[in-house]
Amino acid sequence: MTIQPGTEPSANGDGTPAPQPVYSSVEEWVTSHFLPMFRRPLGGEYRWCAQWWRHAEAITRLTALWHTWEALRLQPGTGMATWLRDHLDHQLPVLLGRTGPFSMCSEDEHIDPRQATCEQPPPGWWDVTRAPARLPSAPVSRTAPMEDEAS
């Protein structure tokens with residue numbers, strides 16, 4: 001039996017076709033939905049880079065927004081409100097903020113952000129084998145005289 005794209009059984013196994021995404025890629029979602037819908041005054045508090053696809057963090061955040069948008073758009077009633085509150089309202093200030101992935105860019109100019117560097121740890125830094133922990137000694141009872149005190 002061959003299943004055509006868009007006709008796979010739904011997750012609940014009732015045989016109905018699974019819902020298909022509205023947008024076929026994050027690029028399509030960003031250009032057709034995100035940018036036209038969520039406009040902000042750019043330049044001060046909010047930053048955007050026309051070459052957003054050069055920013056790995058932006059791709060990750062926008063892809064997460066797209067995937068959650070596709071899923072929550074199907075929930076009747078509060079699906080979109082949930083998406084706005086739990087996803088967009090959290091990601092938008094990070095994505096477009098002064099210290100976000102576009103912080104060095106403007107609408108007219110892309111500037112690659114510097115990648116943080118790191119040094120190799122010293123040999124054995126991550127070894128988990130250590131001397132066995134010693135249990136604290138039992139407290140000394142002061143009800144009976146100590147050996148030194150008894151003599």
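Analyst: Read along the sequence, the pattern is α-α-α-α. The chain holds 4 helices and 0 strands. This is a predicted model.

User: How many residues does the chain have, and what share of them is buried?

Analyst: The chain has 151 residues, and buried ones make up 22% of them. Among contacts with a separation of 6 or more, 59% join residues 24 or more positions apart.

User: Why is α2 called roughly antiparallel to α3?

Analyst: The axes of α2 (residues 56-72) and α3 (residues 79-96) cross at roughly 175°. Angles over 145 degrees count as roughly antiparallel. So α2 is roughly antiparallel to α3. The two axes come within 10 Å.

User: Which residues make that contact between α2 and α3?

Analyst: From α2 come Glu57, Ala58, Arg61, Leu62, Leu65, Thr68, Trp69 and Leu72. They meet Gly79, Met80, Thr82, Trp83, His87, Leu88, Gln91, Val94 and Leu95 in α3. By class, the contact of α2 with α3 has 10 nonpolar, 5 polar and 2 charged residues.

User: What makes α1 roughly perpendicular to α2?

Analyst: α1 and α2 pack at about 75°, with their axes 10 Å apart. The range for roughly perpendicular is 65 to 115 degrees. The angle falls in it, so α1 is roughly perpendicular to α2. On the α1 side, the contact uses Val26, Trp29, Val30, His33 and Phe34. On the α2 side, it uses Leu62, Thr63, Leu65, Trp66 and Trp69. The contact of α1 with α2 divides into 8 nonpolar, 2 polar and no charged residues.

User: How many aromatic pairs are there in the whole structure?

Analyst: A search finds 7 aromatic pairs.

User: Why is the pair of tryptophan 29 and tryptophan 83 called edge-to-face?

Analyst: The ring centres of tryptophan 29 and tryptophan 83 are 6.3 Å apart, and their planes stand at 85°. Centres within 6.5 Å make a pair, and planes over 60 degrees apart make it edge-to-face. Both conditions hold for tryptophan 29 and tryptophan 83, so the pair is edge-to-face. Tryptophan 29 lies in α1 (residues 26-37) and tryptophan 83 in α3, so the pair ties together parts 54 residues apart in sequence.

User: What makes the pair of phenylalanine 34 and tryptophan 48 tilted?

Analyst: The planes of phenylalanine 34 and tryptophan 48 are 40° apart, and the distance is 6.2 Å centre to centre. Stacked needs under 30 degrees, edge-to-face needs over 60, and the rest count as tilted. The pair of phenylalanine 34 and tryptophan 48 is therefore tilted. Phenylalanine 34 sits in α1 and tryptophan 48 in the loop between α1 and α2, 14 residues apart. Phenylalanine 34 and tryptophan 48 are buried.

User: What does phenylalanine 34 touch beyond its neighbours within four places in sequence?

Analyst: Phenylalanine 34 is in contact with Trp29, Trp48, Leu62, Leu88, Leu92 and Leu95. Ring pairs also link Phe34 into a cluster with Trp29, Phe38, Trp48, Trp83 and Phe102.

User: Which residues touch the most other members of the largest nonpolar core?

Analyst: That core has 22 residues, and Trp29, Val30, Phe34, Trp48, Leu62, Trp83 and Phe102 touch the most other members. α1, α2 and α3 each supply at least two residues. α2 gives the most, with 6.

User: Why is glutamine 91 called buried?

Analyst: Glutamine 91 has 15% relative accessibility, and the cut-off is under 20%, so it counts as buried. Glutamine 91 is in α3. Leaving aside residues up to four places away in sequence, glutamine 91 touches Arg61 and Leu65.

User: Why is alanine 50 called partly exposed?

Analyst: Buried is under 20% and exposed is over 50%, with partly exposed in between. Alanine 50 has 47%, so it is partly exposed. Alanine 50 is in the loop between α1 and α2. Beyond its neighbours within four places in sequence, alanine 50 is in contact with Ser106 and Glu107. Alanine 50 and glutamate 109 are 59 residues apart in sequence, yet 7.7 Å apart in space, C-alpha to C-alpha.

Methods. Residues are numbered from 1 along each chain as its sequence is written. This is a predicted model: local features need pLDDT of at least 70, side-chain atom pairs count only at pLDDT 80 or more; totals for chains, interfaces and linings use all residues. Side-chain values use heavy atoms; hydrogens and water are left out. Axes are lines fitted to C-alpha atoms, for helices over the stretch in contact, and angles run from 0 to 180 degrees between N-to-C directions. Angles under 35 degrees count as roughly parallel, over 145 as roughly antiparallel, 65 to 115 as roughly perpendicular and the rest as oblique. Contact means heavy atoms within 4.5 Å. Ala, Val, Leu, Ile, Met, Phe, Trp, Tyr, Cys and Pro count as nonpolar, Asp, Glu, Lys and Arg as charged, and the others, Gly among them, as polar. Rings of Phe, Tyr and Trp (its six-membered ring) pair if their centres lie within 6.5 Å; planes under 30 degrees apart count as stacked, over 60 as edge-to-face and the rest as tilted. Buried means under 20% relative accessible area, exposed over 50%, partly exposed in between (1.4 Å probe, protein chains only). A nonpolar core is a set of buried Ala, Val, Leu, Ile, Met, Phe, Trp, Tyr and Cys residues joined through side-chain atoms within 4.5 Å.
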